[in-house]
Amino acid sequence: MGKRRAEKEAIVTRLEGKLGRSEVVLFADYRGLKVSEITELRERLRQAGAEFQVVKNTLTRLAARRVGLEGTEAFLVGPTAITVSEQEGAAPARVLQEFARDHKALELKGGLLRGRVLTVDQVKNLAELPGREELLARLVGHTQAPLAGAVGVLQALLRNLVYVLDQVRQAKATA
């Protein structure tokens with residue numbers, strides 16, 4: 001096996017691991033972006049728990065096939081960069097969507113969420129979803145609201161009882 005082939009095999013193996021562990025895989029056309037813009041995008045995605053990289057389409061196709069990801073062929077046409085994340089899928093999609101809004105050269109192609117193929121519109125919808133922390137906060141708020149209401153009702157009943165007992169005491173004191 002030649003040195004070049006061994007390097008490619010190492011890339012495919014590394015990519016297999018990333019694709020196999022990823023919650024979300026997003027594909028984008030990066031043509032026209034400057035190196036400084038790609039570096040900025042990589043940093044934003046890193047902060048969101050994702051990794052952005054450019055890999056040859058044939059190597060990506062091979063790695064995807066090895067880990068059983070179907071439907072990637074349509075995205076692997078022309079210059080393609082992939083974003084992989086083992087965490088939630090909304091954050092990387094949001095970063096890519098915002099970056100594409102500011103930099104017209106970046107064009108989303110689609111993606112995979114837990115192995116399910118996503119169209120460009122579905123990736124955009126995913127980007128609009130609130131983050132995991134916000135969803136958990138909403139859940140806690142919705143769970144807490146009925147309890148807080150019940151506490152308020154019980155406090156009002158006790159307050160009214162105290163008020164009635166005070167009125168009875170005052171009536172007996174004046175009689």
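The side chain of aspartate 29 makes a polar contact with the side chain of arginine 31, at 2.8 Å. A polar contact is a pair of N or O atoms within 3.5 Å; within protein, one must be able to donate a hydrogen and the other to accept it, and residues adjacent in sequence count only if both atoms are side-chain atoms. This is a predicted model: local features need pLDDT of at least 70, side-chain atom pairs count only at pLDDT 80 or more, and totals for chains, interfaces and linings use all residues. Residues are numbered from 1 along each chain as its sequence is written, and side-chain values use heavy atoms, with hydrogens and water left out.

**Aspartate 29**
- Aspartate 29 has 9% relative accessibility, so it counts as buried (under 20% relative accessible area, with exposed over 50% and partly exposed in between; 1.4 Å probe, protein chains only).
- Leaving out residues up to four places away in sequence, aspartate 29 touches Pro79, Ala105, Leu106, Glu107 and Lys109 (contact means heavy atoms within 4.5 Å).
- Arginine 66 is 37 residues from aspartate 29 in sequence and 23 Å away in space, C-alpha to C-alpha.

**Nonpolar cores**
- A nonpolar core is a set of buried Ala, Val, Leu, Ile, Met, Phe, Trp, Tyr and Cys residues joined through side-chain atoms within 4.5 Å.
- The largest one has 25 residues, and Leu41, Leu45, Leu96, Leu106 and Leu126 touch the most other members.
- A second, separate core has 15 residues, including Leu15, Val25, Phe27 and Leu76.
- Beyond its neighbours within four places in sequence, leucine 45 is in contact with Ala50, Phe52, Thr83, Pro92, Val95 and Leu96.
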